[in-house]
Amino acid sequence: MRQAVQRTGRQALQPVNQNRVTIGKAIPAPVGGWDAQSPLANMPPENAVILDNFIPRAGYVELRKGYIPWQEGLPLPTETIMVWRGGTTSVADDIFAACGGSIYDVSNQNDAPIEVYSGSGNARWQWVNFANDAGTFLIAANGAVAPVYYQGSSFVDSAITGTSGVITLDPRTLIDVMDHKGRLFFVQKDSLRVWFLAPFAIQGEANLLDLGPIFDKGGSILCQATWTLDGGSGADDLAVFVTTQGQVAVYQGLDPSDADSWALVGVYDLGLPLSRRSLIKYGSDLMLLTTDGVVPLSQALKLDRAQENLVALTQKIQNAFQKATQQYRGNFGWEGALYTKGTLAIFNVPTASLSRSEQYVQNVQTGAWCRFTGIDAFCWAVANDQMYFGGAGAVYLWDTGYADDTNGITGDIKTAFNYFGSRGSLKKFEMLQPILRIASDIAPAVEVITDFKERVPTAVPTSITTTGGQWDSGLWDVALWSPSVQTRDSWTSVTGIGYCGAVRLRVQPTPVLYIDLAVGDEDDSIVSYDGDGLVVVQAARNTNAAVEIIAFNVKYQNQTGGQL
């Protein structure tokens, strides 16, 4: 009878050769968004360790759009963009940029900035639109000059006075303004005092609302806002005042001078606010931008400060957000803005004052987060249903084309690490199939990273390929990619051995070089002449290069004999 051959000595240490089976698995596009909270070894597969310049949508992620100069030639950084919305439905909003000690009209694209107000002392204005029988006004205050107003023609200094006992108001100390139920409230700089005007007045005698007795931690009032519980303007609106110490006072009523129509709802302790622009209207709620995260007042006021992170809008990116506040808290530029057209909430993170910024961005429909890089914004505003930001010497229009001025946008994805249902199994990754929708000839760089390693693809393409795509150093395809939107699903070889794997993808569509003889009509290229009279063409500012990531498929083999 035949017997099995006994393996002895060194032979017994060698693994038995077995036929390995290739396994195919799918990795979803990171529609769950950027995750800076979950453990790396237990992150949901639809989340991402890195999601830079890709916006998570329902079912896919898309490369964000870029920006173009709206008006250039401002002498200093733009620190405030103000918008007058007093026109009719057929009249566009008026847009103003504040830089240095002046305000400039920047309403028309490519016009030279027009100085409309000077001697303001600083460019950090707080502003509101306010309407009465005389018209619609833009009211603004900056704590250096008396508040100003604009009604469609020019900026005018407000004539505001006020006394209360031995206290006499200096209107130049008014630094913030709020419209609450048809009445203007102004915060006095470096104090716990608020001054309010008569109903529907834009100037005149102001009365004092002294909040010093209710704030037991001292400090000064940093910001204020109306909290519209029903999403509109009505009798249930509340007035909210926030101090530098993170205390929040909520009042209900109409007239602070009448005890029968003005009452304190409560005083609450939250995280420290990050700037005078820390209160953001968010539907029927108010969001407060604090060192603990972006917290909704409707929920945070019910909890102890230690529990704020449980309800914070930024809960999913809490570690990254708190690290940013620790590093950059003192920098100017912290603020939030809702961009309804793009269904996005944009929170500006100034990594260097008036120099560099990034943005933490939430899809308000899905709650998923991502990060924008390459946009050095100091302030944001929506006008005419479009998003603008202030930068160094210019105002920019964002969400147009796929280039940041003349620079390509670098999209970066690192998916969650995935064990594919087998944590104890060593895997040899062999093939990767990204499923993309694209609208141009783009060559992304991709690879599979194993076991929580920090590695990026070896190259990011710097130009659009015209003879076929390339994934890292391997051929993507042998056919020319059509510029029309289509799905790409070719396989590419990858290497990597580990218990878990994540996909890293980087892409940078580069603006197309071309000569546009109609430069005066559309600023989508820059044409100039060198000393020899030769045409010099720079990159187009507004390219069509959409990139959507739908999913990734991987193939690997389980390793039974240890690493090879």
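This briefing covers the chain as a whole, its cysteines and the strands around E3. The model is predicted: local features need pLDDT of at least 70, side-chain atom pairs count only at pLDDT 80 or more, and totals for chains, interfaces and linings use all residues. Residues are numbered from 1 along each chain as its sequence is written, and side-chain values use heavy atoms, with hydrogens and water left out.

**Chain overview**
- The chain contains two helices and 50 strands, taken as DSSP runs numbered from the N terminus (helices H or I, at least four residues; strands E, at least two).
- Of the 564 residues, 52% are buried, where buried means under 20% relative accessible area (1.4 Å probe, protein chains only).
- Among contacts (heavy atoms within 4.5 Å) between residues at least 6 apart in sequence, 61% join residues at least 24 apart.

**Cysteines**
- The structure has zero disulfides, a disulfide being a pair of cysteine sulfur atoms within 2.5 Å.
- The closest cysteine sulfur to that of Cys-379 belongs to Cys-99, at 10.0 Å, which is too far for a bond.
- Cys-379 is buried, because its relative accessibility is 1%.
- Cys-370 likewise counts as buried, at 1% relative accessibility.

**Strand E3 and its partners**
- Strand E3 (residues 47-52) is largely enclosed by the rest of the structure, because six of its six residues are buried.
- Strand E2 (residues 33-34) runs parallel to E3, joined by two bridges; pairing requires at least two bridges found by DSSP.
- Trp-34 has Ala-48 in E3 as its bridge partner.
- Strand E39 (residues 411-415) runs antiparallel to E3, joined by four bridges, and Ala-48 has Thr-415 in E39 as its bridge partner.

Terms used
Buried means under 20% relative accessible area, exposed over 50%, partly exposed in between (1.4 Å probe, protein chains only).
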